[in-house]
Amino acid sequence: MPTYKLTYFKSRGRAEITRLLFAAGGVEYEDVRVEEEQWQQLKPKTPMGHLPILEVDGTMICQSKAIARLIAKDIGMAGKTPLEQAQADMICDSLEELGEKMLLFLREKDENKKEELKKEFEEKTLPAALDQFEKLASAEGYFAGNSLTWADVTFFAIYGFIDILIPGDHLKRYVNLSKVMGNVSSNPGIAKWLKERPESAF
């Protein structure tokens with residue numbers, strides 16, 4: 001097994017999906033969390049000037065989705081067949097798009113505009129996306145195949161962020177998605193990580 005070193009800020013953010021995958025696979029890694037001052041010193045040494053970065057036996061890669069996909073492959077959670085892998089990738093790409101729409105109101109500086117964007121996301125964007133994801137998840141609670149993949153873990157992480165920003169029982173109508181959440185949270189490694197991970201609002 002390679003030696004892994006994951007570097008990100010002192011938050012869940014774009015590194016949390018990879019941390020969840022490490023936990024699911026029972027993989028040991030160095031979880032480095034930097035302050036802004038440390039980041040400014042590290043930034044010129046990174047491949048593309050942003051975090052997270054993952055060092056694999058000393059080789060550095062960036063881009064959160066590329067990192068998560070690599071770990072998913074390493075732990076056998078990328079999908080068992082090329083088709084399952086494509087299905088998992090499809091879900092992760094779609095979740096990334098949903099995340100970008102969420103960032104629109106997070107980054108908006110005008111408070112009135114922020115509230116408008118947040119309301120639109122909650123009342124239109126999110127329900128439409130959940131409707132689609134519900135159809136794509138199986139009755140057993142998996143997006144690809146019949147076992148846990150990084151697509152399920154990514155949905156769990158993204159929904160966790162949504163639930164922090166817009167609290168509510170958004171999944172009450174979605175049986176399949178509720179099962180996805182349960183399958184992820186009941187993974188022994190992930191369950192342990194959720195209890196022990198450092199406190200962070202986001």
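**Sheet, helices and charge pairs in the predicted model**

Arginine 19 and glutamate 16 both sit in helix H1, three residues apart, or about one turn of the helix. The model is predicted. A salt bridge joins the two side chains, with the closest N and O atoms 3.0 Å apart. Arginine 19 counts as buried because its relative accessibility is 0%. Glutamate 16, at 2% relative accessibility, counts as buried as well. Salt bridges with shared partners extend this pair into one network, made up of Glu16, Arg19, Asp31, Arg33 and Arg197.

Helix H1 covers residues 16-25. The helix lies across strands E1 (4-9), E2 and E3, and runs at about 145° to E1. Threonine 18 is also part of helix H1. Its relative accessibility is 1%, so threonine 18 counts as buried. Residues up to four places away in sequence aside, threonine 18 touches Leu6, Ser64, Ile67, Ala68 and Ile71. One of these contacts, Leu6, has a bridge partner in E3, namely leucine 54.

The sheet itself is open and has four strands. Their order is E2-E1-E3-E4, and the pairing is mixed. Strand E2 (30-34) and strand E4 (59-62) are the edge strands, each pairing on one side only. On average, neighbouring strands are turned by 20° against each other, direction ignored. E1 and E2 run parallel and are joined by five bridges. Phenylalanine 9 has valine 34 as its bridge partner in E2. E1 and E3 pair in the antiparallel sense, over four bridges. Strand E3 (residues 53-56) and E4 also run antiparallel, again with four bridges. Here isoleucine 53 has cysteine 62 as its bridge partner in E4. In a regular strand, side chains alternate between the two faces of the sheet.

Lysine 5 pairs with glutamate 55, the closest N and O atoms being 4.0 Å apart. Lysine 5 belongs to strand E1 and glutamate 55 to strand E3, so the pair links distant parts of the chain, 50 residues apart. Lysine 5 counts as partly exposed because its relative accessibility is 29%. Glutamate 55 counts as buried, at 18%.

Several backbone features flank the strands. A cis peptide bond joins leucine 51 and proline 52, with omega about 10°. Proline 52 lies in the loop between helix H2 (36-42) and E3. E3 and E4 form a hairpin with two residues between them. Aspartate 57, in the turn, has a positive phi of about 50°. This aspartate 57 is exposed, with a relative accessible area of 54%. Glutamine 63 likewise has a positive phi, near 75°, in a residue other than glycine. Glutamine 63 is found in the loop between E4 and helix H3 (64-74). With a relative accessible area of 39%, glutamine 63 is partly exposed.

Glutamate 96 forms a salt bridge with lysine 65, the closest N and O atoms being 3.0 Å apart. Glutamate 96 lies in helix H4 and lysine 65 in helix H3, so the pair ties together parts that are 31 residues apart in sequence. Glutamate 96 counts as partly exposed, at 36% relative accessibility. Lysine 65 counts as buried, at 19%. The count for the model comes to 12 salt bridges.

Helix H4 (residues 82-107) also holds leucine 106. Leucine 106 counts as partly exposed, at 31% relative accessibility. Together with Ile164 and Phe202, Leu106 forms a nonpolar patch on the surface. The accessible area of these residues together is about 210 Å².

Aspartate 152 lies in helix H6 (residues 150-165). Its relative accessibility is 0%, so aspartate 152 counts as buried. Apart from neighbours within four places in sequence, aspartate 152 is in contact with Gly141, Tyr142, Phe143, Ser147, Val180 and Val184. Glutamate 36 lies 116 residues from aspartate 152 along the chain, and their C-alpha atoms are separated by 31 Å.

Terms used:
Residues are numbered from 1 along each chain as its sequence is written. This is a predicted model: local features need pLDDT of at least 70, side-chain atom pairs count only at pLDDT 80 or more; totals for chains, interfaces and linings use all residues. Side-chain values use heavy atoms; hydrogens and water are left out. Patches are made of residues with over 30% relative accessible area and no salt bridge: like charges are joined within 9 Å, nonpolar side chains (Val, Leu, Ile, Met, Phe, Trp, Tyr) within 5 Å. Accessible areas come from the Shrake-Rupley method with a 1.4 Å probe; for residues, only the protein chains shown count as cover. Buried means under 20% relative accessible area, exposed over 50%, partly exposed in between (1.4 Å probe, protein chains only). Two strands pair if DSSP finds at least two bridges between them. Axes are lines fitted to C-alpha atoms, for helices over the stretch in contact, and angles run from 0 to 180 degrees between N-to-C directions. Contact means heavy atoms within 4.5 Å.
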